[in-house]
Amino acid sequence: MDLTAYIRDVPDFPKPGILFKDIMPLLGTPAAFAFAIERLAGHYPADRIDVLAAAEARGFLFAAPMALALKKPLVPLRKPGKLPGATHSFRYDLEYGSAELHVHTDAIAPGARVLLVDDVLATGGTMAAACKLVEQAGGVVAGCAFLIELSFLNGRAPLAGYEVFSLISY
């Protein structure tokens, strides 16, 4: 199945000059969504990973069904103030400002092999921060999985040293 047929180009969103890759047609087509999840989960043998993690919000859309398919726990990486109780946090810079991710202190066992999942690899900043947060929490990054990679943005560079897998590359 050609998954690119289910990705809609939206020009000038969220601002002029940006060609946005809209995943909503894929999510709205159960056969295409299921195929994407099967392909993503199938790339990672269950014995290579202990847990899946994803940053909110669209990463959750792919990580949750992958976790079910692989029969592994799902750990959400959230924005500040969204998780009750004690958390590890990692602050990182964005093009125009900064952001922060949090994870519960008991969510990742020491040495756990963590597969990080997101919908799109663009500049790699959020995923690099997620990798650092997982390591700060005591986990080992087993890989970074994406539905789409915008290769012209060179998002793999900040992820040097980590396995990166994407289904669709533009």
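1. A salt bridge here is a side-chain nitrogen of Lys or Arg within 4 Å of a carboxyl oxygen of Asp or Glu. With that rule, a search of the whole structure finds eight salt bridges.

2. A word on the model: it is predicted, so local features need pLDDT of at least 70 and side-chain atom pairs count only at pLDDT 80 or more, while totals for chains, interfaces and linings use all residues. Residues are numbered from 1 along each chain as its sequence is written, and side-chain values use heavy atoms, leaving out hydrogens and water.

3. Let's start with Asp-22 and Arg-8, whose side chains form a salt bridge (2.7 Å, N to O). Asp-22 sits in strand S2 (residues 19-22) and Arg-8 in strand S1 (residues 8-11), 14 residues apart; strands are DSSP runs of E, at least two residues, numbered from the N terminus. Asp-22 is buried at 10% relative accessibility, whereas Arg-8 is partly exposed at 44% (buried is under 20% relative accessible area, exposed over 50%, partly exposed in between; 1.4 Å probe, protein chains only).

4. Asp-9 and Lys-21 also form a salt bridge, with their closest N and O atoms 2.6 Å apart. Asp-9 is in strand S1 and Lys-21 in strand S2, so this pair ties together parts 12 residues apart in sequence. Lys-21 is buried at 13%, and Asp-9 is partly exposed at 40%.

5. Finally, have a look at Glu-100 in strand S6 (residues 97-104). The side chain of Glu-100 meets that of Arg-91 in a salt bridge (3.1 Å, N to O), and Arg-91 is exposed, with a relative accessible area of 55%.

Key:
Helices (H or I, at least four residues) and strands (E, at least two) are DSSP runs, numbered from the N terminus.
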